[in-house]
Amino acid sequence: MKGFRKPVMYLCFIFSCFSLSNTVSAEPGDYGFWKTLGNLFSPEKADDPVSFAETQGMYPLSQPQSGFNYGFKPGDYDKWQKVDVPLSTGAMCGNGTPFKFFVYRVPDTNNTLFYFEGGGACWDYESCSGQAGVRGARNPNGIPDNYVQNINLLDFSNMANLATAAVSPLIYTHHPYNQFKTGEWNLVYVPYCTGDIYVGDKTEVYADSAGNNPPLIWHHNGLRNVQAVVSWVKNNLKKPKQMAVAGCSAGSIGALLNYSKLRGHMESSYGYLVDDSGPLYDAPLNSNNTVDYPSLPLHQEVLDSWTMFTPGGDPNAENPINMLRAITPGFDTNRLASLYAALSSKFPADRLGLTHFLADGNFSSYSYERFYPDIGDEPDADVKLAKLRAKWQQDTHNNLIPLLEQTHNWSYYFPLYRNFNESHCTSILDFEYGEIAELNLNLYDFMHNVVNYQGGAPLRAVETDPVSDYQNNHNWFYDLVGGLL
């Protein structure tokens with residue numbers, strides 16, 4: 001009887017909600033009553049598993065490994081499940097421990113959201129080992145088995161889960177006050193443990209500058225981890241009708257850089273990309289003009305640390321940048337930001353969106369502080385922040401918006417400030433205080449514009465009011481969560 005109890009509970013729930021069907025509009029990929037009921041007793045199987053062709057070439061996918069226990073139960077709906085990944089896929093965390101990810105399956109839709117976890121980056125001993133704290137690599141000691149067990153902002157019994165719970169209404173099923181439809185989809189949560197924005201493929205040895213510890217062997221292995229996730233999803237779940245790819249910070253630029261390959265393999269009818277606070281600013285690699293291209297030193301540093309790519313090198317050598325060029329026509333390896341136009345051309349019917357706060361004090365720090373002595377050595381915290389924001393806004397207005405304007409399907413939404421998390425990430429915790437009052441817009445307008453199977457013109461908005469966002473722009477809950485984090 002125990003095994004029968006859960007389907008009966010679902011049956012009661014479905015009957016109780018069925019009367020609401022006239023007021024809730026189904027979308028492509030959603031199932032009706034009888035199909036949902038059937039899925040409870042006989043979970044759908046994969047209908048587009050990894051083909052032989054997909055196991056070939058640069059950064060191939062992988063077919064299931066015989067005898068390996070991935071740990072997933074197909075009919076265990078509406079709960080987070082850990083999926084283990086065999087080392088044979090090439091996946092691992094930066095410290096060499098096994099990689100794992102988490103899946104939340106539902107019976108009433110095949111629509112699926114891939115969410116890339118945010119959290120730092122690293123390219124030296126201090127930032128990769130964990131000594132740099134939140135400014136370094138996330139999860140430097142690997143991924144715990146219970147890393148994503150429950151996402152509930154009101155569950156303070158599991159304090160270790162709070163950082164995940166605060167992530168976003170995009171993945172928070174039944175968010176208490178900011179619900180969004182992707183939170184009701186199948187969810188694939190991709191943890192971050194390599195410090196390389198999910199695009200690395202290089203093992204580095206970092207020496208302790210203080211000489212107190214042995215060198216750190218670190219695997220910037222993010223790209224192969226993503227490939228393992230995509231392989232498993234194709235081999236185990238039904239192909240989604242609607243597929244969204246999203247993330248915040250490092251996760252958002254990881255979503256951007258992996259979208260071309262992930263979208264190509266999944267072949268969904270509708271594709272959406274939500275890039276929250278991970279912009280890829282224009283910065284030609286063969287230039288030395290850091291005045292006009294402030295992000296140039298960052299691009300050069302991370303490519304050298306995380307990949308074997310060399311500007312002007314062998315275009316057929318296996319590395320993440322050459323792979324992007326091979327599968328994304330129009331992508332120029334000398335200008336990484338050419339990816340925006342290339343994705344627009346490759347997926348002309350997809351909905352693509354980018355958002356961040358113009359006063360972001362976090363990603364701007366990664367982008368400029370280590371590379372500009374007048375910022376890094378500035379003793380006054382307020383002056384330093386002002387300098388960071390000046391370069392960030394220069395990059396946004398001069399080296400990002402013009403690129404998006406040249407496309408037909410990129411939306412962008414840039415409010416000014418929120419008094420939470422250094423104005424970093426518009427969509428974490430909730431969608432509050434992301435309004436652009438002068439245009440009568442809020443963050444929901446942007447999200448509904450991007451994740452929208454019905455199409456329509458892209459939404460493009462930039463806040464110009466320099467005052468109002470700094471007034472009444474946080475609440476007690478922000479203070480509580482910020483203190484606990």
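Modeller: Let me begin with a term: a disulfide here is a pair of cysteine sulfur atoms within 2.5 Å. In general, a disulfide is a covalent bond between the sulfur atoms of two cysteines. Please keep in mind that this is a predicted model, in which local features need pLDDT of at least 70 and side-chain atom pairs count only at pLDDT 80 or more, while totals for chains, interfaces and linings use all residues. Residues are numbered from 1 along each chain as its sequence is written, and side-chain values use heavy atoms, with hydrogens and water left out.

Biologist: And what is the average pLDDT of the chain?

Modeller: The pLDDT is the predictor's confidence in each residue, from 0 to 100, and the chain averages 91, with 90% of the residues scoring at least 70. Residues 1-5, however, have a pLDDT below 50, and beyond near neighbours in sequence this stretch has 1 contact in the model, where contact means heavy atoms within 4.5 Å. The pLDDT is also below 50 over residues 15-23, a stretch with 2 contacts beyond near neighbours in sequence. Where pLDDT is low, the predicted coordinates should not be read in detail.

Biologist: Back to disulfides, then: how many does a search of the whole structure find?

Modeller: The search finds 3 disulfides. If you number the bonded cysteines of the chain in sequence order, the pairing reads 1-4, 2-3, 5-6.

Biologist: Which cysteine does C248 join, and what hand does the link have?

Modeller: C248 is joined to C425, with an S to S distance of 1.8 Å, and the disulfide is right-handed because the torsion about the S-S bond is about 75 degrees. This pair links distant parts of the chain, 177 residues apart, since C248 sits in strand β7 (residues 242-248) and C425 in the loop between β10 (410-414) and α14 (443-450). Helices (H or I, at least four residues) and strands (E, at least two) are DSSP runs, numbered from the N terminus.

Biologist: Are those two cysteines buried or exposed?

Modeller: Buried means under 20% relative accessible area, exposed means over 50%, and partly exposed lies in between, using a 1.4 Å probe and protein chains only. C248 has a relative accessible area of 8%, so it is buried, and C425 counts as buried because its relative accessibility is 0%.

Biologist: What about C93, which cysteine is its partner?

Modeller: C93 is joined to C193, with 2.2 Å from S to S, and the link is left-handed, with -85 degrees about the S-S bond. This pair also links distant parts of the chain, 100 residues apart, with C93 in the loop between β1 (80-84) and β2 (100-104) and C193 in the loop between β4 (186-190) and β5. Both C93 and C193 are buried.

Biologist: And C122?

Modeller: C122 forms a disulfide with C128, at 2.1 Å from S to S, and the torsion about that S-S bond is about 90 degrees, so the disulfide is right-handed. Both C122 and C128 are buried.

Biologist: Changing topic, where is E204 placed?

Modeller: E204 is in strand β5, which covers residues 202-206 and has a covered face, K202, E204 and Y206, as well as an uncovered one, T203 and V205. In a regular strand the side chains alternate between the two faces of the sheet. With 17% relative accessibility, E204 counts as buried.

Biologist: What does β5 pair with?

Modeller: β5 pairs with strand β6 (residues 216-220) in the antiparallel sense, over 5 bridges; two strands pair if DSSP finds at least two bridges between them. Within β6, W218 is the bridge partner of E204. Leaving out residues up to four places away in sequence, E204 touches L216, I217, W218, H220, D304 and S305.

Biologist: Last one: where does H356 lie, and which side chain does it make a polar contact with?

Modeller: H356 lies in the loop between β9 (351-355) and α10 (363-369), and counts as buried at 0% relative accessibility. Its side chain makes a polar contact of 3.1 Å with the side chain of T396. A polar contact is a pair of N or O atoms within 3.5 Å; within protein, one must be able to donate a hydrogen and the other to accept it, and residues adjacent in sequence count only if both atoms are side-chain atoms.
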